[in-house]
Amino acid sequence: QVQLVESGGGLVQPGGSLRLSCAASGTIFSINDMAWYRQAAGKERELVGIISNGGKTTYADSVKGRFTISRDNAKNTAYLQINNPKPEDTAVYFCNVDGRTRPTMEVFSSWGQGTQVTVTS
């Protein structure tokens, strides 16, 4: 069993900053990609960005230059730094982690419960 706990959401003003965290725990042998998604009210869930095990990052065009994904492999934790947010960034943010469990080496893909980010002045 692998559990993800997200934190750090809340209200933020346009031009401000916020950092989200996603901590994975449980019977983890290894973690590959750690990704952030978001879902605005009435819209489909969309990919925000991904960070590989080696630290390579990929971002959606809408957040490039404003959002930064990082990870601490020792803590099995991913971060999403949100800078200069815009009202259209308002959404529930989810993390998704994939890897292998121990001792069976089964592949897993787990989702966090989501954390609300509201950008408002």
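**Close-up views of an all-strand chain**

**Figure 1. The whole chain, element by element.** From the N terminus on, the elements run β-β-β-β-β-β-β-β-β-β-β. The radius of gyration of the chain is 14 Å, close to the 14 Å that the globule rule gives for 121 residues, so the chain is as compact as a globular protein of that length. That radius is taken over C-alpha atoms, and the globule rule is 2.2 Å times the number of residues to the power 0.38. This is a predicted model: local features need pLDDT of at least 70, side-chain atom pairs count only at pLDDT 80 or more, and totals for chains, interfaces and linings use all residues. Residues are numbered from 1 along each chain as its sequence is written, and side-chain values use heavy atoms, with hydrogens and water left out. In total there are zero helices and 11 strands. Both are DSSP runs numbered from the N terminus: helices (H or I) have at least four residues, strands (E) at least two. Along the principal axes, the C-alpha atoms fill a box of roughly 50 × 25 × 20 Å.

Figure 2. The accessible surface of the chain is about 6400 Å². Carbon and sulfur atoms hold 48% of that surface. Such areas come from the Shrake-Rupley method with a 1.4 Å probe; for residues, only the protein chains shown count as cover. Of the 121 residues, 38% count as buried. Buried means under 20% relative accessible area, exposed means over 50%, and partly exposed lies in between (1.4 Å probe, protein chains only). The chain carries 12 positive and 10 negative side chains. The centres of these two sets lie 4 Å apart. Lys and Arg count as positive, Asp and Glu as negative; His and the chain ends are not counted. Each charge is placed at NZ of Lys, CZ of Arg, CG of Asp or CD of Glu. Take the contacts between residues at least 6 apart in sequence: 55% of them join residues at least 24 apart. Contact means heavy atoms within 4.5 Å.

**Figure 3. The largest nonpolar core.** In soluble globular proteins, nonpolar side chains tend to be buried together. Here the largest nonpolar core has 27 residues. A nonpolar core is a set of buried Ala, Val, Leu, Ile, Met, Phe, Trp, Tyr and Cys residues joined through side-chain atoms within 4.5 Å. Which core residues touch the most other members? They are Leu 20, Trp 36, Leu 80, Ile 82, Tyr 93 and Val 117. Several strands each supply at least two core residues, among them E1 (2–7), E3 (17–26), E4 (28–39) and E9 (91–101). Tyr 93 has contacts beyond its neighbours within four places in sequence, including Leu 20, Trp 36, Leu 80, Ile 82 and Val 117. Glu 6 and Arg 38 are also among the residues in contact with Tyr 93.

**Figure 4. The loop between E9 and E10.** Pro 103 lies in this loop, and strand E10 spans 107–111. The peptide bond from Arg 102 to Pro 103 is cis, with omega near 0°. Met 105 sits in the loop between E9 and E10 too. Met 105 is not a glycine, yet has a positive phi of about 65°. Is Met 105 buried or partly exposed? Met 105 counts as partly exposed, at 34% relative accessibility.

Figure 5. Asn 76 is in the loop between E7 and E8. Its phi is positive, about 50°, although Asn 76 is not a glycine. Asn 76 is partly exposed, with a relative accessible area of 25%. Ser 30 is in strand E4 and is partly exposed at 22%. The C-alpha atoms of Ser 30 and Asn 76 are separated by 9.1 Å, although the residues are 46 apart along the chain. Not counting residues up to four places away in sequence, Ser 30 touches Gly 99, Arg 100 and Phe 108.

**Figure 6. Gln 81 beside Arg 19.** Gln 81 is in strand E8. Gln 81 is partly exposed, with a relative accessible area of 24%. Gln 81 and Arg 19 are 62 residues apart along the chain, but 4.4 Å separates their C-alpha atoms. Leaving aside neighbours within four places in sequence, Gln 81 is in contact with residues including Ser 17, Arg 19 and Phe 67.
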